Amino acid sequence: MPTQNPEDRIDNFSEVPYGYNEAEAMLEAQRCLQCKNQPCVSGCPVEVPIRDFIALIREGKFMEAASIIKAKNSLPAVTGRVCPQELQCEAKCVMGRRYQPVAIGNLERFAADYAREEGEKIPELPKSTGKKIAVVGAGPAGLTCAGDLALLGHKVTIFEALHKPGGVLVYGIPEFRLPKDMVKYEIDYLIQLGVEVKLNFLVGKNKTVDELLDEYDAVFVGSGAGAPRLLNIPGINLVNVYSANEYLTRVNLLKGYLFPEYKTPVKRGKNVVVIGAGNVAMDSARTAKRLGADHSIIVYRRSRKECPARVEEVHHAEEEEIEFRFLTNPVRIIGDELGAVRAVECLQFELGEPDETGRAKPIPIPGSEHLIECDVVVISVGNDPNPIIPRTTPDLEISKWGTIVTDRITGKTSKERVYAGGDIATGAATVIAAMGAGKVAAKSIHKQIMGIEETEIESI
Amino acid sequence: MYEVVRKEWLYGDIIFLIEVKAPQIAKKIRAGNFLVFRAREGAERIPITVAEYDKKKGTVTCIIQVIGKSTKLLGSYEKGDFIQDLVGPLGIATHIEKYGRVGIVSGGLGIPLANLVAKELQEVGNEVIGVVGARTEDLLVWEEEMSQYCTEMNYCTDDGSRGMKGFTTHLLEQKIQELAKKGEKFDLVFTVGPTVMMKFVSKITEKYNIPTVASLNPIMVDGTGMCGACRVTVDGKIQFACVDGPEFDAHKVDFDELIQRLEQYKKYEIESLEKYNKECCGGKKK
């Protein structure tokens with residue numbers, strides 16, 4: 001897929017890959033073998049009818065392709081862009097055994113973009129069931145759950161604490177990977193399906209889950225893992241040491257990169273150290289570059305092959321001259337006389353025996369302490385579940401990690417009529433896993449409130 | 001959108017009162033909670049404490065000092081205007097119980113912020129004593145409201161225009177010693193105001209061994225615990241003021257770190273205000 005030049009794109013926040021044109025999409029669609037047993041679909045957590053939508057693209061029926069995707073996946077422009085397809089649908093593609101797998105993600109993205117540009121029709125909705133469902137959190141889990149329930153004829157209200165819906169899609173993933181107009185478009189589509197979105201509403205504070213249960217037939221909690229983990233090292237509270245959540249929220253949600261036109265400031269560092277190597281770390285390091293950093297450095301305690309980020313993002317980061325310091329771990333952050341960060345002191349590691357996760361255990365090399373000079377540090381070592389719902393819903397079973405305990409097959413919690421899914425149930429994971437959980441919960445909520453037997457919902 | 005139903009300047013064009021319609025907040029808010037405002041599209045999110053609320057009218061009242069671009073913008077709002085975003089109540093409400101005699105030590109805009117705390121403490125039977133100060137008499141805003149809940153108000157001003165000449169810390173120490181002569185003491189001190197003031201209040205009460213709660217005011221972004229911009233060190237541990245506070249045991253707070261972190265965006269704040277002033281207050285009259 002054609003992309004913006006690395007030299008150009010580090011000066012802007014526009015999307016990096018351009019996307020297929022019609023001819024390119026039809027050509028790629030030709031590569032699909034149209035397998036009978038569709039192994040690709042089994043790799044998709046939201047069951048997109050991959051073979052069938054690709055067949056429609058081959059015939060140039062782009063709108064039809066988009067519409068059958070949308071019946072299963074409320075956010076195709078998002079998933080086509082941010083899913084790690086190499087681990088999901090594309091990993092199962094038969095073509096991939098000998099050649100490149102079919103570029104399913106790119107094709108999904110093409111169909112969704114085409115439909116958006118051409119203007120798509122709202123599908124005919126079933127007769128209202130008269131049932132009301134409250135969804136807590138407008139991230140990928142909540143949006144998917146809401147979309148599926150709306151398509152089944154239920155009245156859905158989403159409660160979102162921030163001033164914009166989208167969760168990590170708006171505050172976390174940067175514009176250059178997922179343009180915010182597209183997120184807005186997909187949410188507007190849900191609103192046209194009759195989903196109501198209440199912003200600036202913090203469930204747990206404005207209303208508790210128990211109060212929602214008085215008004216609604218069921219509640220789905222998709223409040224995410226939004227509490228940043230920080231490192232337990234000296235200097236963590238120095239000025240210009242950010243959690244990745246704060247750094248990205250200032251830049252993405254509040255458009256700090258457009259300061260002072262937009263009013264939220266963000267420190268534009270010349271030398272930025274990002275600690276961690278997941279997608280969020282890549283997003284932070286690439287953001288720092290676009291904010292004008294001369295050196296944007298990823299510090300990771302394992303080696304390149306253990307990087308948890310998507311292959312494509314690591315590749316894009318390398319093209320943008322993000323520097324990687326593998327087998328390196330910070331031991332303290334050093335500040336100047338005003339309390340602002342000046343350097344990170346690190347230790348060099350070597351790989352030892354595999355640990356309990358099967359990954360080689362990094363072992364520090366004695367005497368390898370060294371300084372990396374910097375004026376901004378971004379900590380990107382993961383998130384914990386948001387504590388507000390667990391703290392304000394006393395009879396909800398919570399694990400020792402702070403997640404809401406759910407039945408993975410139904411999304412049910414320990415509390416009657418309350419379901420949960422996404423990062424609040426699993427701990428920090430992927431957008432698509434959260435969407436899958438939203439889908440699962442929507443099915444079982446529907447089943448419960450309509451009193452439907454298991455076998456009858458297979459077709460939903 | 002949240003409608004402004006009342007707006008008054010309380011001191012020049014520096015301190016104003018704004019009453020906003022927000023029934024879902026008014027219904028749930030308690031002393032110690034705060035709100036996050038975003039005045040309009042493109043504006044930043046800023047945390048503000050509530051001075052008063054009215055459950056029946058469904059309104060919350062805040063008293064705000066113009067210190068930079070965002071507070072200046074909010075100050076330009078008049079009755080009938082709409083605030084884009086308002087979220088709350090945030091933070092953990094003040095822990096209210098019967099302590100006995102509670103001193104409320106506030107400086108400047110800390111006085112209206114302490115109003116609800118004074119009210120709720122008095123309601124459960126505490127004897128509340130106000131120890132309040134400001135630069136000059138006119139800046140002692142909202143002290144009359146707070147005095148309704150206090151059995152006694154002690155004033156000081158930097159210039160001596162009202163009460164003792166000097167700082168709240170001096171006044172507090174004087175009061176502590178005065179009580180000690182009668183064999184009495186404060187069972188708790190609650191302090192809210194400028195961070196430097198809270199730091200020195202805390203030092204004094206530590207000396208006299210009086211349990212002290214401070215309402216901290218770090219930089220915030222979301223106010224819901226998802227970013228850690230507001231992190232503070234309390235008893236050697238990191239706490240997020242927006243969800244774990246904003247009130248903490250003052251004797252365990254690292255005030256010097258908080259003061260440093262509050263200075264983080266000075267340069268940007270000046271740039272933002274200069275741009276706003278040049279554009280004639282964003283097209284609205286001042």
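Just after helix α14(A), Glu321(A) takes a positive phi of about 60 degrees. Helices (H or I, at least four residues) and strands (E, at least two) are DSSP runs, numbered from the N terminus. This is a predicted model, in which local features need pLDDT of at least 70 and side-chain atom pairs count only at pLDDT 80 or more, while totals for chains, interfaces and linings use all residues. Residues are numbered from 1 along each chain as its sequence is written, chains are lettered from A and ligands numbered from 1 in the order in which they are written, and side-chain values use heavy atoms, with hydrogens and water left out.

**View 1. The buried side of helix α14 of chain A.** Let's start with the helix that spans residues 311-319, where Glu313(A), Val314(A), His316(A) and Ala317(A) are buried. Here, buried means under 20% relative accessible area, exposed means over 50%, and partly exposed is in between (1.4 Å probe, protein chains only). These residues lie on the same side of α14(A) because they cover an arc of only 160 degrees around the axis. The arc is that of the directions from the helix axis to the C-beta atoms. Their packing partners in chain A are α1 (6-9), α13 (279-290) and β9 (323-325), with contact meaning heavy atoms within 4.5 Å.

**View 2. Helix α5 of chain A and its cover.** In this helix (residues 62-70), the buried residues are Phe62(A), Ala65(A), Ala66(A), Ile69(A) and Lys70(A). They share one side of α5(A), because their arc around the axis is only 130 degrees. What surrounds them? The cover over the buried residues of α5(A) includes α2 (22-30), α4 (50-58), α6 (76-82), α7 (104-118), α8 (140-151) and α10 (180-192) of chain A.

**View 3. Glu345(A) in strand β11.** The strand that holds Glu345(A) runs over residues 341-354 of chain A. Is Glu345(A) buried or exposed? Glu345(A) is buried, at a relative accessible area of 13%. Its side chain makes a polar contact of 2.8 Å with that of Arg332(A). A polar contact is a pair of N or O atoms within 3.5 Å; within protein, one must be able to donate a hydrogen and the other to accept it, and residues adjacent in sequence count only if both atoms are side-chain atoms. Leaving aside neighbours within four places in sequence, the contacts of Glu345(A) include Asn329(A), Pro330(A), Glu369(A) and His370(A).

**View 4. Two salt bridges between distant parts of chain A.** The side chains of Glu47(A) and Lys443(A) form a salt bridge, at 3.8 Å from N to O. The term stands for a side-chain nitrogen of Lys or Arg within 4 Å of a carboxyl oxygen of Asp or Glu. Glu47(A) sits in the loop between α3 (39-42) and α4, and Lys443(A) in helix α17 (residues 431-450), 396 residues apart. Glu47(A) is partly exposed at 32% relative accessibility, and Lys443(A) is partly exposed at 23%. A second salt bridge joins Asp355(A) and Arg302(A), at 3.5 Å from N to O. That pair is 53 residues apart, with Asp355(A) in the loop between β11 and β12 (360-364) and Arg302(A) in the loop between β8 (295-299) and α14. Asp355(A) is buried at 18% relative accessibility, and Arg302(A) is buried at 4%.

**View 5. A salt bridge within chain B.** Arg38(B) and Asp85(B) meet through their side chains at 2.8 Å, N to O. Arg38(B) belongs to strand β3 (residues 34-38) and Asp85(B) to strand β8, so the pair ties together parts 47 residues apart in sequence. Both Arg38(B) and Asp85(B) are buried.

**View 6. Where chain B meets chain A.** How many residues of each chain are in contact? The contact takes in 45 residues of chain B and 47 residues of chain A. About 3,900 Å² is buried between the two chains, and carbon and sulfur atoms give 53% of that area. Buried area is the accessible area (1.4 Å probe) that two parts lose on being put together, summed over both. The rule finds 2 salt bridges across the interface. Asp244(B) forms a salt bridge with Arg391(A), with the closest N and O atoms 3.3 Å apart.
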